[in-house]
Structures are given as structure tokens and as C-alpha cells.
Amino acid sequence: EKGIAGTNIEAKVDGPAKVEATNVVRQLVGGRPIIGNTVKEFDLKPTGTGKVTVTITVTPPNAPAKVTKIEFDVK
């Protein structure tokens, strides 16, 4: 997910998986960093088999939160 500077990005995992790593990505344009941009990636690791639901909440400053749900099966 991505947002403007000051955005809080969180992931909640339900099911047989866990967040293995959280990465903050720095974007470049013409070799220079973009100012005021927040990008976060969440790497998930399965811990068993079954249905996994990941809920990602993006809360920008002074704005309502945006919630995205992603579901997948681990076999």
C-alpha cells in the first residue's frame, strides 16, 4: 500500500500465516527520491494450511482510513 507523508499503514493477518517482514520502499524518479510519499510492503509466511485473510488499513493524516481485505488459500 501507499500514502502521503505521515500515513499510518498496518496489516492484520487472520489464518495460518504471519507477517515475516515489513519493508518501507523508497521510490526514485530520475535518480532522486520522491518527497512526501510512503510505500510499505508486507511479506507473509504461511504457518499451516487453510484460508488466510489480510486486512490492510491505510490511515492518512486528517482523513478517513481506507481498509482493504485480501483473501487466499494456503495449500
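This is a predicted model: local features need pLDDT of at least 70, side-chain atom pairs count only at pLDDT 80 or more; totals for chains, interfaces and linings use all residues.

Student: Which secondary structure elements are in the chain?

Tutor: The chain has 8 strands and 0 helices.

Student: How is the overall shape to be judged?

Tutor: Along the principal axes, the C-alpha atoms fill a box of roughly 40 × 30 × 15 Å. Of the 75 residues, 19% count as buried. Among contacts between residues at least 6 apart in sequence, 61% join residues at least 24 apart.

Student: How many salt bridges does the structure hold?

Tutor: The general idea is that side chains of opposite charge can pair when their charged atoms come close. In this structure there are 2 salt bridges. One joins Lys 66 to Glu 1, with 3.5 Å between the closest N and O atoms. Lys 66 belongs to strand S8 (residues 66-74) and Glu 1 to the segment before strand S1 (2-4), so this pair ties together parts that are 65 residues apart in sequence. Lys 66 is partly exposed at 47% relative accessibility, and Glu 1 is partly exposed at 29%.

Student: What is the partner of Lys 51 in a salt bridge?

Tutor: Lys 51 pairs with Glu 71, and their closest N and O atoms are 3.5 Å apart. Because Lys 51 lies in strand S7 (residues 50-59) and Glu 71 in strand S8, the pair links parts 20 residues apart in sequence. Both residues are exposed.

Student: Which residues form a nonpolar patch on the surface?

Tutor: The patch consists of Val 19, Leu 44, Ile 70 and Phe 72, which together have about 270 Å² of accessible area. Phe 72 is placed in strand S8 and is partly exposed, at 31% relative accessibility.

Student: Is Thr 55 buried or exposed?

Tutor: Thr 55 is buried, because its relative accessible area of 14% falls under the 20% cut-off. This residue is found in strand S7. Leaving aside neighbours within four places in sequence, Thr 55 is in contact with Glu 10, Ala 11, Lys 12, Val 67, Thr 68 and Lys 69. The C-alpha atoms of Thr 55 and Ala 11 are separated by 5.6 Å, although the two residues are 44 residues apart along the chain.

Conventions. Residues are numbered from 1 along each chain as its sequence is written. Side-chain values use heavy atoms; hydrogens and water are left out. A salt bridge is a side-chain nitrogen of Lys or Arg within 4 Å of a carboxyl oxygen of Asp or Glu. Helices (H or I, at least four residues) and strands (E, at least two) are DSSP runs, numbered from the N terminus. Buried means under 20% relative accessible area, exposed over 50%, partly exposed in between (1.4 Å probe, protein chains only). Patches are made of residues with over 30% relative accessible area and no salt bridge: like charges are joined within 9 Å, nonpolar side chains (Val, Leu, Ile, Met, Phe, Trp, Tyr) within 5 Å. Accessible areas come from the Shrake-Rupley method with a 1.4 Å probe; for residues, only the protein chains shown count as cover. Contact means heavy atoms within 4.5 Å.
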